[in-house]
Amino acid sequence: MISIFTSDSSQFKFDVLVEVAREALNNDLSEEKANAMARQLVSLGGERFRCCVYKEREVLRQRVRLAMGKMANDSEEYKPKQIVQVIEAACDGCTIQKIQVTDNCRKCMKKSCMAACNFGAISMGPHRSQIDHTKCKECGACARACPYNAIVVTERPCFASCPVQAISWNEANIAQIDEDRCINCGACLKACPFGAISDMSWVSQVIKMLKTGVEAYAIVAPSIQGQFENVPLPQIMKAVEMLGFTKCLEVASGADAVAYYEAEELVKHKETGLPMTTSCCPGFVNMLKIHFPEQYEKNKSTTVTPMMATARKLKLEHPGCKVVFVGPCVAKKQEAMQEVSAVDYVLTYEEVSAMMIAKGIDVDEVEAVEDLTASNYGRNFAYSGGVAAAVAQALKESGYDKPVTTVLANGGKECKQQLNLIKFGKFNADILEGMACPGGCIAGPGVISQPLMVKGRMAKENVPNKARTITESLQSTDYSNVDMNVNHKIDFE
């Protein structure tokens, strides 16, 4: 196996994706392969991270199921729109008790912890204080009172990372996702140190589709730039195309179009006195739709995402074609399954990388000709602040000279805070840019490189393109005939 991750849980997931891609390419992918792959990836030479090889094999078996586009738990009802799922066999390593006494306890005479507890849950043991967890309310008063910081408050990483309280656990202390609250942002997926939460993959379905020879287009998100170390964008796109696609196109051109249309919408919002929220991040939009339905109706931009804009253009120009979006986001998979969708499948960068390895494509060795047209404003949708900056630039290029104020919600928790301000009439800006992942798309759950490194590589590569305007981009890639309203039902068949 080729190692591209420092995290063992991420590498395990990647190894499974490579094996699934290989089997799919060889026309040998079946339900029976799940057990065989688990045995292949975890030998009898001894367990590496779990209690035994048999548990590791069960974890890998459930990973294989997800990589094949199935539910991790084979006894559950198939729910394709719940992209983020718990691998139950892997969810057993977290600290169960939230409040715990450590060896730092000096069994002091003051007994501040006992005095602070209003529930009689703390007593002094033979060597240190101890907590009766049947009485403990997990308020943390004892931890705050201890002069030695000997009592720690430990939240489960998945629970702590979720911005919408969609994580809980059952009687067996296995994490559960509330599908009515989940926004599929993948924050819990990134936070889990045991890799016990993962996303459903469409690798095998895409490979099967490509093997039919159908006219199929790959459209790559702006944040793909810089993912493969110092390999330039045209070379990356050519490598993606070599997987079997008719052509690979840059979604940044669609982002330029989105900036233009959202700028027009923003002017209308300013006239009515309603702040506008951006539409490009599906995790943020899911948060709006599920948890802030009134703001979803009143404040959200009705412009489609750059992914959908690019896909709609392709479906218009190439009727009957298939479109596969390649990006860093697992929530995009859910967006692709909405009622009005021009996208057939979504792959993450790690999934595409696995497919390249399975097919023997070396990105470093690919030759490509640069014929890209997008502006840096569209490419900068990849990180926090880029969308708002592009909208402001589009307004400037259109001759709009009134001031525009912006708030950047960087991460799911900031998104929730700012949406609450809008809800209660305390938001004091014209536009709220919402990004569910802190740092933006370059920090999505499906990336293969560190966000800061990607941002630096993008900035360096895009220097020669800095003079290109959004207007020039749209003159080269015309979106004037594309319906950019997300609410319009279009038959793409």
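Five bridges join β14 to strand β15 (residues 431-435), and the two strands run parallel. They belong to an open sheet of 3 strands in the order β11-β15-β14. The model is predicted. A search of the whole structure finds 20 salt bridges and 0 disulfides. The largest nonpolar core holds 85 residues.

**The open sheet**

- Methionine 276 has isoleucine 431 of β15 as its bridge partner.
- Isoleucine 431 is also the bridge partner of threonine 406.
- From β14 the chain crosses through helix α18 (residues 412-423) to β15, and this β-α-β crossover is right-handed.
- Alanine 409 is paired with glycine 434 in β15.
- Strand β15 is largely enclosed by the rest of the structure, because 5 of its 5 residues are buried.
- Both of its faces are covered. Ile431, Glu433 and Met435 are buried on one side, and Leu432 and Gly434 are buried on the other.

**Salt bridges across the chain**

- Side chains of opposite charge can pair when their charged atoms come close.
- Glutamate 250 and arginine 379 meet through their side chains in a salt bridge, at 2.7 Å from N to O.
- Glutamate 250 lies in strand β10 (residues 247-250) and arginine 379 in helix α16 (residues 376-379), so this pair ties together parts that are 129 residues apart in sequence.
- Both partners are buried: glutamate 250 has a relative accessible area of 8%, and arginine 379 has 5%.
- Aspartate 483 forms a salt bridge with arginine 312, where the closest N and O atoms are 3.9 Å apart.
- That pair links distant parts of the chain, 171 residues apart: aspartate 483 sits in the segment after α20 (470-476), and arginine 312 in helix α13 (residues 306-317).
- Aspartate 483 is partly exposed at 30% relative accessible area, whereas arginine 312 is buried at 5%.
- Lysine 489 and glutamate 339 form a salt bridge through their side chains, at 3.0 Å from N to O.
- Here the partners are 150 residues apart: lysine 489 is in the segment after α20, and glutamate 339 is in the loop between α14 (331-335) and β13 (345-348).
- Both of these residues are exposed, with relative accessibility of 64% for lysine 489 and 66% for glutamate 339.
- Salt bridges with shared partners also join Lys13, Asp199, Lys333, Glu350 and Glu351 into one network.

- Alanine 252 is found in helix α10 (residues 252-272).
- Its relative accessible area is 0%, so alanine 252 counts as buried.
- Leaving aside neighbours within four places in sequence, alanine 252 is in contact with Pro222, Ala374, Gly378 and Arg379.
- Arginine 379, one of these contacts, is the salt-bridge partner of glutamate 250.
- The C-alpha atoms of alanine 252 and arginine 61 are separated by 37 Å, and the two residues are 191 residues apart along the chain.

**Nonpolar cores**

- In the largest core, Ile224, Val240, Phe245 and Met356 touch the most other members.
- Helix α1 (residues 8-25) supplies the largest share of this core, with 8 residues.
- Beyond its neighbours within four places in sequence, phenylalanine 245 is in contact with Val206, Leu210, Ala216, Tyr217, Ala218, Val240 and Val324.
- Another core, of 45 residues, lies apart from the largest one; among its members are Cys185, Ile197, Met287 and Leu288.

- A disulfide is a covalent bond between the sulfur atoms of two cysteines.
- For cysteine 113, the closest cysteine sulfur is in cysteine 105, at 6.3 Å, which is too far for a bond.
- Cysteine 113 is buried, with a relative accessible area of 9%.
- For cysteine 117, the closest cysteine sulfur is in cysteine 139, at 6.3 Å, which is also too far for a bond.
- Cysteine 117 is buried, with a relative accessible area of 17%.

Technical notes
Residues are numbered from 1 along each chain as its sequence is written. This is a predicted model: local features need pLDDT of at least 70, side-chain atom pairs count only at pLDDT 80 or more; totals for chains, interfaces and linings use all residues. Side-chain values use heavy atoms; hydrogens and water are left out. Helices (H or I, at least four residues) and strands (E, at least two) are DSSP runs, numbered from the N terminus. Buried means under 20% relative accessible area, exposed over 50%, partly exposed in between (1.4 Å probe, protein chains only). Contact means heavy atoms within 4.5 Å. A salt bridge is a side-chain nitrogen of Lys or Arg within 4 Å of a carboxyl oxygen of Asp or Glu. Two strands pair if DSSP finds at least two bridges between them. A nonpolar core is a set of buried Ala, Val, Leu, Ile, Met, Phe, Trp, Tyr and Cys residues joined through side-chain atoms within 4.5 Å. A disulfide is a pair of cysteine sulfur atoms within 2.5 Å. A crossover is right-handed if, with the strands pointing away from the viewer, the path from the first strand over the helix to the second runs clockwise.
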